[in-house]
Amino acid sequence: MSSLATIILAAGKGTRMKSALPKVLHEVCGRSLIEHVLDISRQLGSLKTCIVLGHGIEKVQAHLPKNILTVEQKKLLGTGDAVKITEKIFQSFQGDILILCGDTPLLKVETIRSLIKKHRSAKAVATVLTAVVEDSRGYGRMIRDHHGNVIAIREENDCDELERNIKEINSGVFCFNAKVLFENLRKIKVNSDKGEYYLTDLIALLAVKDLRIETVTTSESAEGLGVNTRQDLAACAAVMRQRILKDLMLSGVTIIDPATTHIAVDVKIGIETVIKPFTVIENHVVIGKNCIVGPFAHLRPGTCVDDNVEIGNFAEVSRTTVGSGTFVKHFSFLGDAIVGRNVNIGAGTITANYNGVEKSRTVIGDGAFIGSDSILVAPVKIGKKAMTGAGSVVTAGKIVPDGKIFVGVPARMVPGRNRK
Ligand code: UD1
Ligand code: MG
């Protein structure tokens with residue numbers, strides 16, 4: 001079988017986003033657009049992956065893993081030019097080159113696999129991933145002859161009225177024979193309206209030579225969605241959100257109201273856990289089995305929740321681990337905290353983790369009872385089975401010994417009494 005290399009096009013300005021942030025760094029469900037696409041090439045086991053960067057190159061490079069090969073497109077002369085500048089990198093490469101765009105986060109790896117499979121079994125020189133969409137505005141239209149063979153991809157501005165009505169669009173994903181790709185790229189002419197070299201013009205060039213061009217159409221039309229505006233970003237997020245929730249539900253998690261639940265793409269949740277409405281769970285969060293989260297809970301990055309935990313209304317948890325059997329049921333903020341097992345966090349508890357200069361840790365031991373409206377000013381440590389009274393303020397640097405009771409403002413030990 002011939003080998004596979006991948007080129008990801010991500011140099012574009014993203015003008016339509018109207019953003020200082022390079023387009024491919026905008027996020028969908030907790031992960032940047034470029035990471036979504038990169039993840040696909042990783043899963044495909046591509047021999048070599050090269051990302052073409054240009055606009056905001058420093059920002060994008062800083063965001064990417066260090067081992068990723070990137071190449072700079074100094075002048076943004078279009079998708080055809082972007083591929084052309086990788087020619088040197090693939091000089092000695094013999095095989096197939098997969099081209100992905102950095103702005104299509106909804107592609108599924110199975111679809112790309114079937115594209116490559118078809119490309120190889122049909123011995124095509126080029127295979128295009130197409131999608132059939134309701135609203136084809138903004139996309140390149142697939143032009144076919146009366147036998148159904150692809151003869152060109154026509155960009156919106158160059159379409160006549162009939163062509164504009166075509167619903168089959170170019171998703172921006174191609175598989176090319178490497179040799180044919182680079183030989184013919186040199187022959188593309190600049191588009192006079194835009195002053196760009198369109199990769200899509202290659203298809204007409206190959207078609208007139210009677211070379212074999214194949215297509216695969218996505219089964220879900222949304223897969224081909226490209227993000228060019230912030231509206232597209234929201235549309236992609238809506239589709240991905242439903243995919244994430246569906247996978248979680250199929251794995252044994254109850255999502256009471258998918259319409260109001262936002263869960264990032266890399267979140268892990270154990271079976272029998274119930275996520276109640278209006279809950280937001282950001283990236284890098286792990287939740288165990290048999291938990292109840294929400295309604296109106298916000299779990300932020302770096303939160304790790306063990307089994308049998310309840311996190312209820314208006315609780316926000318950030319960079320915190322919560323031990324099994326612990327309750328955080330009402331109006332709390334836990335940040336930079338390590339909370340043990342079987343702890344009761346009373347309503348209104350706040351870990352004051354930031355003093356305006358730095359963030360500090362709060363440690364709460366197993367079996368502790370934190371009274372309602374306690375403020376724990378970090379750094380602070382509450383011992384095992386210790387207790388704070390309602391409304392107490394445990395000041396920075398305090399250590400509440402195991403089993404002791406602290407009350408008041410500032411909180412002081414109740415002498416001679418241990419918690420039963
Ligand atoms: C492109 C396709 C269109 C397809 C659509 C799918 C072309 C000419 N058009 O249009 O047929 O339907 O994608 O989403 O290819 N880029 C560079 N360098 C450049 C210009 C663009 O690397 O000089 C990158 C962009 O960062 C982006 C990708 O190429 O990731 C596509 O560019 P974009 O401007 O979004 O093209 P579309 O108008 O969406
Ligand atoms: Mg695009």
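Ligand 1 sits in the largest pocket of this predicted model. A pocket here is an open set of points on a 1 Å grid over the protein atoms alone, where a 1.4 Å probe fits and protein lies on both sides within 12 Å along at least five of seven lines; a molecule sits in one if more than half of its atoms lie within 2 Å of its grid points. Residues are numbered from 1 along each chain as its sequence is written, and ligands are numbered from 1 in the order in which they are written.

So who surrounds the ligand? Of the 23 residues around ligand 1, L9, Q73, G78, E155 and N170 come nearest, where "around" asks for a heavy atom within 4 Å. Taken alone, ligand 1 exposes 750 Å², and the protein buries 90% of that (Shrake-Rupley areas, 1.4 Å probe).

Most residues other than glycine have a negative phi, and most peptide bonds are trans. The bond from G294 to P295 is cis, with omega near 0 degrees, and another cis bond joins V409 and P410, with omega about -15 degrees.

Phi is positive in F314, near 55 degrees, and in N342, near 50 degrees. F314 counts as partly exposed because its relative accessibility is 48%, while N342 is exposed at 53% (buried is under 20%, exposed over 50%, partly exposed in between, with a 1.4 Å probe and protein chains only).

Note on methods:
This is a predicted model: local features need pLDDT of at least 70, side-chain atom pairs count only at pLDDT 80 or more; totals for chains, interfaces and linings use all residues. Side-chain values use heavy atoms; hydrogens and water are left out. On a 1 Å grid over the protein atoms alone, a cavity is a set of points where a 1.4 Å probe fits but cannot get out, and a pocket is an open set with protein on both sides within 12 Å along at least five of seven lines; lining residues have an atom within 4 Å of a point.
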